[in-house]
Amino acid sequence: EQVQVRFTTQQTEYAVSDAAMLLPSNIKKEGLSEIVNSLLDLDTSVPFDFLIDGQLLRSSIVEYLNANRLSTENLVTIEYVESMLPPTPLTAYQHDDWISSVKGHHGLFLTGSYDNNVRLWNSSGECIGTLMAHTDSVKSVAFGQVNDKTATIFSAGLDHALLGWEYSIEEGSDRLMFECKGHKGPIESIAVDAKNKFVASASDDSFVKIWTTTEPTEDEPAESTNEITKKRKKTEKADGRKIKTKAVTLEGHVGGVNAVTFDSSDSNVVYTGGWDHSIRSWDVEQQVNLSTK
């Protein structure tokens, strides 16, 4: 049994005549690929995938037609596209626990893990830095300003802390610059604006906070004198971190907020998503919820 078909493609470099032709109805992908290659008369054979009515052809033409209750007497239009091989992993980046966040920047990769650590990797799969200061799982990581000598890194997690780091690419060393304090719950997501001037944090406490990325010269005042315990004071003295408390707070979500990002062209606009099933846009300066969807 034969079926009348015509070939079409959106890849102009592989276009052939769309004139109808008769083919065996039991022909499959491999046979169709041979026919297209013979029509193209290429020096090197190119594998193709085929679609009928937008559905990938995984059987013979007649099996597809029967499954969709179509007649073999009708003209069948078959679209074809170059087959793409699945990506081959170049290397593996191992952690001791679940990986919660991954960010890349010009050949560098940041990972945050439930083992409480942030790791910086190069494109060869070498871990070139392990940033250790979180006391609970890390949920989100982000790059700030990066140049040939240093990289500014941000991380946040279940310990309610947003940390700002400076990593020396030349020396392979890291320094904890500051801790942003103010959230009353785990921080689920952080984002840095396009100009690297602000970092946003979204938390289970239902609030979104916007912080500057600059390192303070001294600790900023806490909301209450009891907020920083003696244990925390000892930690600060040991690693030299400064405390940031000054932030713009965006309030409106009902329940936790688990996603935040800046508008790519306007650092004054932030988008958030939360457990209340809402997506919101905000004016940071005015602290106003612009829209809710």
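Biologist: Let's start with Asp18: what is its relative accessibility, and how does it count?
Modeller: Keep in mind that this is a predicted model. Buried would need a value under 20%, and exposed a value over 50%. Asp18 falls between those cut-offs, so it counts as partly exposed, with a relative accessibility of 48%.

Biologist: Which residue does Asp18 form a salt bridge with?
Modeller: The closest N and O atoms of the pair are 3.8 Å apart, and the cut-off for a salt bridge is 4 Å. The partner of Asp18 is Arg6.

Biologist: How far apart in sequence are the parts that Asp18 and Arg6 tie together?
Modeller: Arg6 belongs to strand β1 (2-8). Asp18 sits in the loop between β1 and β2 (21-24), so the pair ties together parts whose separation in sequence is 12 residues.

Biologist: And Lys29, which side chain does it meet in a salt bridge?
Modeller: Lys29 is in helix α1 (residues 29-40), and its partner is 20 residues away, in strand β3 (residues 48-52). Lys29 itself is partly exposed, with a relative accessible area of 30%. The N to O distance is 2.8 Å, and the side chain on the other end is that of Asp49.

Biologist: How many salt bridges does a search of the whole structure find?
Modeller: Side chains of opposite charge can pair when their charged atoms come close. Here, one of the pairs is Glu179 with Lys181, where the closest N and O atoms are 4.0 Å apart, and both of these residues are buried. There is also a network of salt bridges linking Glu166, Arg175 and Glu215. Over the whole structure, the number found is 9.

Biologist: Is Lys209 buried or exposed?
Modeller: Lys209 is found in strand β16 (residues 207-212). Leaving out residues up to four places away in sequence, Lys209 touches several others, including Gly182, His183, Val199 and Ala247. Its relative accessible area is 8%, and the cut-off is 20%, so Lys209 is buried.

Biologist: Which side chain is joined to Lys209 by a polar contact?
Modeller: Val248 and Thr249 are both among the residues that Lys209 touches. The polar contact spans 2.8 Å, and the side chain joined to Lys209 is that of Thr249.

Biologist: Which strands stand at the edges of the open sheet?
Modeller: The open sheet has 4 strands in the order β6-β7-β8-β9, paired antiparallel. The strands at the ends of that order each have a single partner, so one side of each is left without a neighbour in the sheet: they are β6 (99-105) and β9 (127-132).

Biologist: What is the bridge partner of Ser101 in β7?
Modeller: β6 pairs with β7 (residues 108-113) over 6 bridges, in the antiparallel sense. Ser101 has its partner in β7, and that residue is Gly112.

How values were computed
Residues are numbered from 1 along each chain as its sequence is written. This is a predicted model: local features need pLDDT of at least 70, side-chain atom pairs count only at pLDDT 80 or more; totals for chains, interfaces and linings use all residues. Side-chain values use heavy atoms; hydrogens and water are left out. Two strands pair if DSSP finds at least two bridges between them. Helices (H or I, at least four residues) and strands (E, at least two) are DSSP runs, numbered from the N terminus. Buried means under 20% relative accessible area, exposed over 50%, partly exposed in between (1.4 Å probe, protein chains only). A polar contact is a pair of N or O atoms within 3.5 Å; within protein, one must be able to donate a hydrogen and the other to accept it, and residues adjacent in sequence count only if both atoms are side-chain atoms. Contact means heavy atoms within 4.5 Å.
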